[in-house]
Amino acid sequence: MPYNDKNNKSNNSSNRNGSGYNKSSSHNGSSNHSGASSHGGSSNRDRSSGYSSSNRDGSYRDASKRDGFRDDKYKSKSNTDLYSKDRSDYNNNKPSYDKKRDNDKRDYKKVESYSSYVNDKQDDFDDTQDKGYIIGRNPVIEALKAKQTIDTLYVNSEGGGSLSLICKMAKDLGIVVKQVSDVKLDAMANGASHQGVIASGACAEYVSIEDIMAISKEKGKPAFIIICDEIEDPHNLGAIIRTAEAAGADGIIIPKRRSASLNRTVYKTSAGAASWLPVARVPNIPTAIETLQQNGIWVYGTDAKGENYTKTDMTGNIALVIGSEGFGMGRLIEEKCDFLVKLPMYGKITSLNASVAAGIFMYEAVRQREVK
(Lines give C-alpha, C1' and ligand atoms only; values in the text may rest on other atoms or scores of the structure.)
Protein backbone atom coordinates (compact mmCIF):
# COMPACT_ATOMS: atom_id res chain seq x y z
CA MET A 1 0.00 0.00 0.00
CA PRO A 2 1.30 3.51 -0.66
CA TYR A 3 2.97 5.39 2.14
CA ASN A 4 0.63 7.91 3.72
CA ASP A 5 1.97 10.87 5.71
CA LYS A 6 -1.34 11.31 7.44
CA ASN A 7 -1.26 7.74 8.63
CA ASN A 8 2.24 8.41 9.94
CA LYS A 9 1.07 11.43 11.88
CA SER A 10 -1.74 9.36 13.41
CA ASN A 11 0.81 6.78 14.61
CA ASN A 12 -0.41 4.16 12.09
CA SER A 13 2.77 2.24 11.32
CA SER A 14 3.14 0.03 8.29
CA ASN A 15 5.46 -2.82 7.49
CA ARG A 16 6.80 -2.36 3.90
CA ASN A 17 9.10 -5.38 3.78
CA GLY A 18 7.67 -7.60 6.41
CA SER A 19 10.59 -7.14 8.67
CA GLY A 20 8.56 -5.70 11.45
CA TYR A 21 10.21 -2.32 11.04
CA ASN A 22 8.23 0.25 12.92
CA LYS A 23 8.23 3.50 10.99
CA SER A 24 7.97 5.99 13.80
CA SER A 25 6.69 9.37 12.91
CA SER A 26 8.85 12.47 12.55
CA HIS A 27 7.70 15.97 13.26
CA ASN A 28 8.36 17.13 9.72
CA GLY A 29 6.52 14.28 8.18
CA SER A 30 9.56 12.68 6.67
CA SER A 31 10.48 9.04 6.89
CA ASN A 32 13.76 7.20 6.73
CA HIS A 33 14.00 5.35 3.37
CA SER A 34 17.79 5.00 3.47
CA GLY A 35 17.78 1.44 4.63
CA ALA A 36 17.11 0.73 8.22
CA SER A 37 15.84 -2.60 6.81
CA SER A 38 19.28 -3.33 5.44
CA HIS A 39 20.37 -4.15 8.94
CA GLY A 40 18.09 -7.15 9.14
CA GLY A 41 15.07 -5.17 10.18
CA SER A 42 16.57 -3.92 13.41
CA SER A 43 14.82 -1.00 14.99
CA ASN A 44 16.28 2.45 14.53
CA ARG A 45 15.87 2.91 18.26
CA ASP A 46 18.85 0.60 18.74
CA ARG A 47 21.66 3.06 19.63
CA SER A 48 24.35 0.60 18.57
CA SER A 49 23.41 1.04 14.93
CA GLY A 50 24.35 4.74 15.03
CA TYR A 51 21.48 5.74 12.71
CA SER A 52 18.76 8.23 13.36
CA SER A 53 15.45 8.12 11.56
CA SER A 54 14.90 11.80 12.36
CA ASN A 55 17.59 12.99 9.87
CA ARG A 56 16.63 12.78 6.22
CA ASP A 57 20.20 12.82 4.93
CA GLY A 58 21.25 9.91 7.13
CA SER A 59 24.07 11.86 8.86
CA TYR A 60 25.81 10.49 11.92
CA ARG A 61 25.04 11.61 15.40
CA ASP A 62 28.08 9.87 16.86
CA ALA A 63 30.97 12.41 17.04
CA SER A 64 33.52 9.67 16.43
CA LYS A 65 31.85 8.79 13.11
CA ARG A 66 30.68 12.27 12.12
CA ASP A 67 33.92 13.42 10.48
CA GLY A 68 33.73 10.67 7.90
CA PHE A 69 31.06 12.51 5.91
CA ARG A 70 32.11 16.02 6.75
CA ASP A 71 34.89 16.47 4.14
CA ASP A 72 32.71 15.35 1.26
CA LYS A 73 29.70 17.14 2.59
CA TYR A 74 31.32 20.53 3.23
CA LYS A 75 33.22 20.67 -0.05
CA SER A 76 30.04 21.35 -1.94
CA LYS A 77 29.40 24.91 -3.09
CA SER A 78 26.32 25.23 -0.94
CA ASN A 79 28.33 24.55 2.19
CA THR A 80 31.48 26.60 1.46
CA ASP A 81 30.78 29.10 4.22
CA LEU A 82 30.01 26.36 6.68
CA TYR A 83 33.19 24.53 5.70
CA SER A 84 35.31 27.66 6.12
CA LYS A 85 33.76 28.46 9.46
CA ASP A 86 33.98 24.97 10.78
CA ARG A 87 37.30 23.90 9.33
CA SER A 88 39.58 26.95 9.64
CA ASP A 89 39.46 29.68 12.23
CA TYR A 90 42.36 31.37 10.45
CA ASN A 91 40.31 31.73 7.24
CA ASN A 92 37.44 33.12 9.26
CA ASN A 93 39.68 35.75 10.86
CA LYS A 94 42.10 36.29 7.97
CA PRO A 95 41.00 39.84 7.05
CA SER A 96 41.33 41.10 10.61
CA TYR A 97 44.53 39.10 11.05
CA ASP A 98 46.07 40.58 7.91
CA LYS A 99 45.04 44.07 8.99
CA LYS A 100 46.67 43.58 12.37
CA ARG A 101 49.79 42.21 10.72
CA ASP A 102 50.01 45.21 8.38
CA ASN A 103 49.49 47.57 11.31
CA ASP A 104 52.24 45.79 13.18
CA LYS A 105 54.53 46.22 10.19
CA ARG A 106 53.73 49.91 9.97
CA ASP A 107 54.30 50.35 13.69
CA TYR A 108 57.59 48.47 13.42
CA LYS A 109 58.69 50.70 10.55
CA LYS A 110 57.81 53.78 12.58
CA VAL A 111 59.78 52.49 15.55
CA GLU A 112 62.63 51.44 13.28
CA SER A 113 62.67 54.85 11.61
CA TYR A 114 62.64 56.66 14.93
CA SER A 115 65.33 54.36 16.29
CA SER A 116 67.48 55.08 13.24
CA TYR A 117 66.96 58.80 13.80
CA VAL A 118 67.97 58.53 17.44
CA ASN A 119 70.98 56.39 16.55
CA ASP A 120 72.06 58.86 13.87
CA LYS A 121 71.87 61.74 16.35
CA GLN A 122 73.79 59.68 18.90
CA ASP A 123 76.40 58.85 16.25
CA ASP A 124 76.75 62.56 15.50
CA PHE A 125 77.27 63.27 19.19
CA ASP A 126 79.72 60.38 19.57
CA ASP A 127 81.57 61.55 16.46
CA THR A 128 81.92 65.04 17.94
CA GLN A 129 83.16 63.58 21.21
CA ASP A 130 85.48 61.18 19.42
CA LYS A 131 87.19 64.09 17.63
CA GLY A 132 87.93 65.70 20.96
CA TYR A 133 86.08 68.96 20.28
CA ILE A 134 85.48 71.48 23.06
CA ILE A 135 82.43 73.47 21.94
CA GLY A 136 81.27 76.85 23.20
CA ARG A 137 82.89 79.95 24.72
CA ASN A 138 82.87 79.09 28.40
CA PRO A 139 84.10 75.48 27.95
CA VAL A 140 86.94 76.73 25.72
CA ILE A 141 87.92 79.48 28.17
CA GLU A 142 88.04 77.01 31.05
CA ALA A 143 90.10 74.55 28.97
CA LEU A 144 92.61 77.32 28.17
CA LYS A 145 92.81 78.36 31.82
CA ALA A 146 93.44 74.77 32.84
CA LYS A 147 96.08 74.51 30.10
CA GLN A 148 94.53 71.43 28.61
CA THR A 149 96.23 69.97 25.57
CA ILE A 150 94.58 71.84 22.70
CA ASP A 151 95.67 71.32 19.14
CA THR A 152 93.78 74.00 17.18
CA LEU A 153 91.27 76.74 17.91
CA TYR A 154 88.59 77.32 15.28
CA VAL A 155 86.93 80.70 15.62
CA ASN A 156 84.65 83.07 13.75
CA SER A 157 85.93 86.45 14.94
CA GLU A 158 82.84 88.20 13.60
CA GLY A 159 80.94 86.87 16.61
CA GLY A 160 82.48 89.54 18.86
CA GLY A 161 82.24 89.48 22.64
CA SER A 162 84.70 87.22 24.42
CA LEU A 163 86.06 85.69 21.20
CA SER A 164 88.91 88.23 21.07
CA LEU A 165 89.92 87.24 24.60
CA ILE A 166 89.81 83.55 23.65
CA CYS A 167 92.05 84.15 20.62
CA LYS A 168 94.58 86.07 22.74
CA MET A 169 94.70 83.33 25.38
CA ALA A 170 95.24 80.67 22.69
CA LYS A 171 98.06 82.59 20.98
CA ASP A 172 99.79 83.16 24.31
CA LEU A 173 99.81 79.39 24.80
CA GLY A 174 101.18 78.77 21.30
CA ILE A 175 97.95 77.23 20.02
CA VAL A 176 97.16 77.52 16.34
CA VAL A 177 94.13 79.78 15.73
CA LYS A 178 92.20 79.33 12.49
CA GLN A 179 89.59 81.79 11.26
CA VAL A 180 86.62 79.87 9.85
CA SER A 181 83.01 80.57 8.87
CA ASP A 182 79.89 79.72 10.86
CA VAL A 183 79.08 77.09 8.23
CA LYS A 184 82.32 75.28 9.05
CA LEU A 185 81.65 75.53 12.77
CA ASP A 186 78.08 74.22 12.31
CA ALA A 187 79.43 71.19 10.45
CA MET A 188 82.01 70.52 13.16
CA ALA A 189 79.51 70.93 16.01
CA ASN A 190 76.88 68.59 14.51
CA GLY A 191 74.05 70.83 15.68
CA ALA A 192 75.49 71.83 19.06
CA SER A 193 75.59 75.52 19.99
CA HIS A 194 79.19 76.51 19.28
CA GLN A 195 78.87 80.29 19.94
CA GLY A 196 81.50 80.98 17.30
CA VAL A 197 84.35 78.90 18.73
CA ILE A 198 85.47 75.27 18.85
CA ALA A 199 88.73 73.92 20.25
CA SER A 200 90.20 70.67 18.97
CA GLY A 201 91.96 68.68 21.64
CA ALA A 202 95.24 66.92 20.89
CA CYS A 203 95.70 63.23 21.61
CA ALA A 204 99.22 63.86 22.91
CA GLU A 205 101.42 66.74 23.93
CA TYR A 206 103.88 68.17 21.45
CA VAL A 207 107.59 68.28 22.18
CA SER A 208 110.47 70.36 20.83
CA ILE A 209 113.15 69.43 18.30
CA GLU A 210 115.67 69.49 21.14
CA ASP A 211 113.61 66.90 23.01
CA ILE A 212 113.73 64.56 20.03
CA MET A 213 117.49 64.96 19.61
CA ALA A 214 117.94 64.28 23.31
CA ILE A 215 116.05 61.00 22.90
CA SER A 216 118.47 60.00 20.13
CA LYS A 217 121.45 60.61 22.42
CA GLU A 218 119.84 58.64 25.26
CA LYS A 219 119.42 55.61 22.99
CA GLY A 220 123.11 55.67 22.12
CA LYS A 221 122.27 55.01 18.48
CA PRO A 222 122.46 57.12 15.32
CA ALA A 223 119.61 59.64 15.15
CA PHE A 224 116.58 58.57 13.14
CA ILE A 225 114.03 61.38 12.68
CA ILE A 226 111.05 61.67 10.31
CA ILE A 227 109.97 65.05 8.90
CA CYS A 228 106.46 65.28 7.41
CA ASP A 229 106.17 68.18 4.98
CA GLU A 230 102.50 69.21 4.86
CA ILE A 231 100.94 65.77 5.24
CA GLU A 232 97.32 66.94 5.40
CA ASP A 233 95.48 63.62 5.55
CA PRO A 234 95.21 62.54 9.20
CA HIS A 235 95.04 58.91 8.13
CA ASN A 236 98.35 59.25 6.32
CA LEU A 237 99.95 61.00 9.26
CA GLY A 238 98.64 58.35 11.63
CA ALA A 239 99.98 55.57 9.41
CA ILE A 240 103.40 57.27 9.21
CA ILE A 241 103.53 57.63 13.00
CA ARG A 242 102.64 53.98 13.40
CA THR A 243 105.33 52.80 10.98
CA ALA A 244 107.93 55.18 12.43
CA GLU A 245 107.34 53.92 15.95
CA ALA A 246 107.57 50.31 14.80
CA ALA A 247 110.80 51.06 12.89
CA GLY A 248 112.40 52.62 15.98
CA ALA A 249 112.39 56.28 14.92
CA ASP A 250 113.25 58.84 17.57
CA GLY A 251 110.47 61.28 16.70
CA ILE A 252 108.48 63.12 14.05
CA ILE A 253 108.48 66.78 13.05
CA ILE A 254 105.39 68.40 11.50
CA PRO A 255 104.58 72.03 10.57
CA LYS A 256 101.96 74.08 12.42
CA ARG A 257 100.22 75.11 9.21
CA ARG A 258 98.86 73.10 6.30
CA SER A 259 99.32 69.80 8.08
CA ALA A 260 97.29 67.25 9.95
CA SER A 261 97.75 67.47 13.70
CA LEU A 262 97.56 65.09 16.61
CA ASN A 263 93.79 64.76 16.64
CA ARG A 264 91.73 61.72 17.52
CA THR A 265 91.72 60.43 13.93
CA VAL A 266 95.51 60.44 13.83
CA TYR A 267 95.64 58.72 17.19
CA LYS A 268 93.22 56.02 16.10
CA THR A 269 94.96 55.45 12.77
CA SER A 270 98.32 55.21 14.49
CA ALA A 271 96.93 52.36 16.61
CA GLY A 272 98.09 54.21 19.73
CA ALA A 273 101.63 54.80 18.48
CA ALA A 274 101.10 58.56 18.89
CA SER A 275 101.23 57.96 22.65
CA TRP A 276 104.77 56.57 22.37
CA LEU A 277 106.45 58.48 19.58
CA PRO A 278 107.34 62.15 20.31
CA VAL A 279 106.00 64.68 17.82
CA ALA A 280 107.35 68.21 17.46
CA ARG A 281 105.28 70.90 15.77
CA VAL A 282 107.30 73.77 14.35
CA PRO A 283 106.36 77.00 12.59
CA ASN A 284 108.91 76.53 9.82
CA ILE A 285 110.27 73.26 8.39
CA PRO A 286 113.34 74.78 6.60
CA THR A 287 114.43 76.34 9.89
CA ALA A 288 113.97 72.99 11.65
CA ILE A 289 116.14 71.32 9.01
CA GLU A 290 118.88 73.85 9.65
CA THR A 291 118.72 73.08 13.37
CA LEU A 292 119.13 69.38 12.71
CA GLN A 293 122.02 69.91 10.36
CA GLN A 294 123.78 72.06 12.92
CA ASN A 295 123.59 69.08 15.28
CA GLY A 296 125.27 66.68 12.87
CA ILE A 297 122.16 65.14 11.32
CA TRP A 298 122.03 64.50 7.57
CA VAL A 299 118.75 65.31 5.86
CA TYR A 300 117.42 63.00 3.13
CA GLY A 301 114.66 64.28 0.92
CA THR A 302 112.38 62.00 -1.11
CA ASP A 303 111.96 63.07 -4.71
CA ALA A 304 111.78 61.50 -8.18
CA LYS A 305 115.00 63.31 -9.15
CA GLY A 306 116.96 61.52 -6.43
CA GLU A 307 119.14 58.42 -6.39
CA ASN A 308 117.79 54.90 -5.97
CA TYR A 309 117.07 54.47 -2.28
CA THR A 310 118.90 51.14 -2.07
CA LYS A 311 122.14 52.71 -3.30
CA THR A 312 122.21 55.50 -0.74
CA ASP A 313 123.91 55.11 2.64
CA MET A 314 121.40 55.78 5.42
CA THR A 315 123.28 54.28 8.35
CA GLY A 316 124.36 57.49 10.09
CA ASN A 317 122.42 60.26 11.82
CA ILE A 318 119.57 60.92 9.42
CA ALA A 319 116.35 62.84 9.11
CA LEU A 320 114.02 61.57 6.38
CA VAL A 321 111.69 64.09 4.72
CA ILE A 322 108.34 62.83 3.41
CA GLY A 323 106.64 65.22 0.96
CA SER A 324 102.94 66.04 0.85
CA GLU A 325 100.40 63.79 -0.85
CA GLY A 326 99.83 65.89 -3.95
CA PHE A 327 102.92 68.05 -4.41
CA GLY A 328 105.83 66.36 -2.67
CA MET A 329 108.42 68.46 -0.90
CA GLY A 330 108.36 72.22 -1.12
CA ARG A 331 111.06 73.98 -3.09
CA LEU A 332 112.82 75.53 -0.10
CA ILE A 333 112.81 72.23 1.75
CA GLU A 334 114.25 70.40 -1.24
CA GLU A 335 117.06 72.94 -1.45
CA LYS A 336 117.88 72.39 2.23
CA CYS A 337 118.21 68.60 1.90
CA ASP A 338 121.67 67.00 1.84
CA PHE A 339 120.57 64.04 -0.30
CA LEU A 340 117.62 63.09 -2.47
CA VAL A 341 116.42 59.50 -2.74
CA LYS A 342 113.69 57.91 -4.83
CA LEU A 343 111.70 54.71 -5.30
CA PRO A 344 111.94 53.08 -8.73
CA MET A 345 108.63 53.04 -10.62
CA TYR A 346 108.09 50.39 -13.30
CA GLY A 347 104.36 50.66 -13.89
CA LYS A 348 102.08 53.26 -15.38
CA ILE A 349 101.39 54.75 -11.95
CA THR A 350 104.31 57.02 -11.10
CA SER A 351 103.71 57.64 -7.41
CA LEU A 352 102.80 55.89 -4.17
CA ASN A 353 100.70 56.87 -1.21
CA ALA A 354 102.76 59.06 1.14
CA SER A 355 102.48 56.67 4.08
CA VAL A 356 103.38 53.67 1.92
CA ALA A 357 106.44 55.39 0.47
CA ALA A 358 107.47 56.52 3.96
CA GLY A 359 107.32 52.94 5.20
CA ILE A 360 109.58 51.71 2.41
CA PHE A 361 112.19 54.39 3.04
CA MET A 362 112.13 53.87 6.79
CA TYR A 363 112.63 50.14 6.60
CA GLU A 364 115.43 50.52 4.10
CA ALA A 365 117.23 52.57 6.73
CA VAL A 366 116.46 49.86 9.32
CA ARG A 367 117.77 47.15 6.97
CA GLN A 368 121.02 48.98 6.28
CA ARG A 369 121.63 49.58 9.98
CA GLU A 370 121.07 45.95 10.81
CA VAL A 371 123.43 44.80 8.06
CA LYS A 372 126.08 47.19 9.27
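## Cysteines

A disulfide is counted here as a pair of cysteine sulfur atoms within 2.5 Å, and a search of the whole structure on that basis finds zero of them. Cys-167 is buried at a relative accessible area of 11%, and Cys-228 is buried at 0%, where buried stands for under 20% relative accessible area, exposed for over 50% and partly exposed for the range in between (1.4 Å probe, protein chains only).

## Basis of the model

This is a predicted model, in which local features need pLDDT of at least 70 and side-chain atom pairs count only at pLDDT 80 or more, while totals for chains, interfaces and linings use all residues. Residues are numbered from 1 along each chain as its sequence is written, and side-chain values use heavy atoms, with hydrogens and water left out.

## Nonpolar cores

A nonpolar core is a set of buried Ala, Val, Leu, Ile, Met, Phe, Trp, Tyr and Cys residues joined through side-chain atoms within 4.5 Å. The largest such core has 36 residues, and Phe-224, Ile-226, Ile-240 and Met-362 are among those with the most contacts inside it. Elements supplying at least two residues each include β5 (224–228), β9 (318–322) and α13, with helices (H or I, at least four residues) and strands (E, at least two) taken as DSSP runs numbered from the N terminus; α13 gives the most, with seven residues. Another core, of 20 residues, lies apart from it and includes Ile-212 and Cys-337.

Leu-352 lies in the loop between β10 (339–342) and α13 (354–371), and Leu-352 is partly exposed, with a relative accessible area of 40%.
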